[in-house]
Amino acid sequence: MSRRRVITHLKGLFTPDPARPWGVLELADPAIALENDQVAWIGPRRELPPAWLDAEEIDGLGRWATPGFVDPHTHIAFGGDRSH
């Protein structure tokens with residue numbers, strides 16, 4: 001069975017912009033639709049697809065969201081492989 005949730009009431013959202021290499025997309029009043037704990041849709045809350053209107057709502061408490069960003073950097077002080 002699929003677990004569907006929508007995060008709303010976020011201050012804003014930053015995510016990579018698929019239309020521009022190295023571009024960032026900023027959304028005000030966003031919503032994030034999750035299906036089985038994976039992002040299924042991102043966009044302005046007013047454009048949430050109708051199929052998601054009955055999903056459980058999670059209050060983002062005015063926080064920022066950054067889905068799609070991964071920070072893979074390391075520091076020389078750690079030396080070696082930290083992939084584990």
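Because the model is predicted, local features were considered at pLDDT of at least 70 and side-chain atom pairs at pLDDT 80 or more, whereas totals for chains, interfaces and linings use all residues. Residues are numbered from 1 along each chain as its sequence is written, and side-chain values rest on heavy atoms, with hydrogens and water left out.

The protein contains seven strands and zero helices, where strands (E, at least two residues) and helices (H or I, at least four) are DSSP runs numbered from the N terminus; the order along the sequence is accordingly β-β-β-β-β-β-β. Of its 84 residues, 30% count as buried, buried being under 20% relative accessible area, exposed over 50%, and partly exposed in between (1.4 Å probe, protein chains only). The exposed surface comes to about 6400 Å², of which carbon and sulfur atoms supply 56%, with areas taken from the Shrake-Rupley method with a 1.4 Å probe. Among contacts (heavy atoms within 4.5 Å) with a separation of 6 or more, 60% involve residues 24 or more positions apart.

Strand E2 (residues 12-16) takes part in two pairings, a pairing being assigned if DSSP finds at least two bridges between the strands. With strand E7 (residues 64-65), E2 pairs in the parallel sense over two bridges, and Gly 12 stands opposite Trp 64 there. With strand E3 (residues 24-27), E2 runs antiparallel and is joined by four bridges, Leu 13 having Leu 27 as its bridge partner in E3.

Leu 25, also in strand E3, is partly exposed at 31% relative accessibility. Its C-alpha atom is separated by 8.0 Å from that of Leu 13, which is twelve residues apart along the chain. Not counting residues up to four places away in sequence, Leu 25 touches Leu 13, Phe 14, Thr 15, Pro 16, Asp 17 and Arg 20. Of these, Asp 17 belongs to the loop between E2 and E3 and is buried, with a relative accessibility of 14%. A polar atom of the Asp 17 side chain lies 2.9 Å from the backbone nitrogen of Ala 19, and, beyond its neighbours within four places in sequence, Asp 17 is in contact with Gly 23, Val 24 and Leu 25.

Five salt bridges occur in the structure, each defined by a side-chain nitrogen of Lys or Arg within 4 Å of a carboxyl oxygen of Asp or Glu. One of them joins the side chains of Arg 4 and Glu 35 at 3.8 Å, N to O; because Arg 4 lies in strand E1 (residues 4-8) and Glu 35 in strand E4 (residues 30-35), this pair ties together parts that are 31 residues apart in sequence. Arg 4 is partly exposed at 27% relative accessible area, as is Glu 35 at 29%.

A further salt bridge is formed by Arg 5 and Asp 37, whose closest N and O atoms are 2.4 Å apart, and it links strand E1 with the loop between E4 and strand E5 (38-44) across 32 residues. Arg 5 is buried at 14% relative accessibility, whereas Asp 37 is exposed at 51%.

The side chains of Arg 45 and Asp 29 likewise meet in a salt bridge, at 3.2 Å, N to O. Arg 45 lies in the loop between E5 and strand E6 (56-59) and Asp 29 in the loop between E3 and E4, so the pair ties together parts 16 residues apart in sequence. Arg 45 is partly exposed at 31% relative accessibility, and Asp 29 is partly exposed at 35%.

Notes:
Polar contact = N/O pair within 3.5 Å; in protein donor to acceptor, adjacent residues only side chain to side chain.
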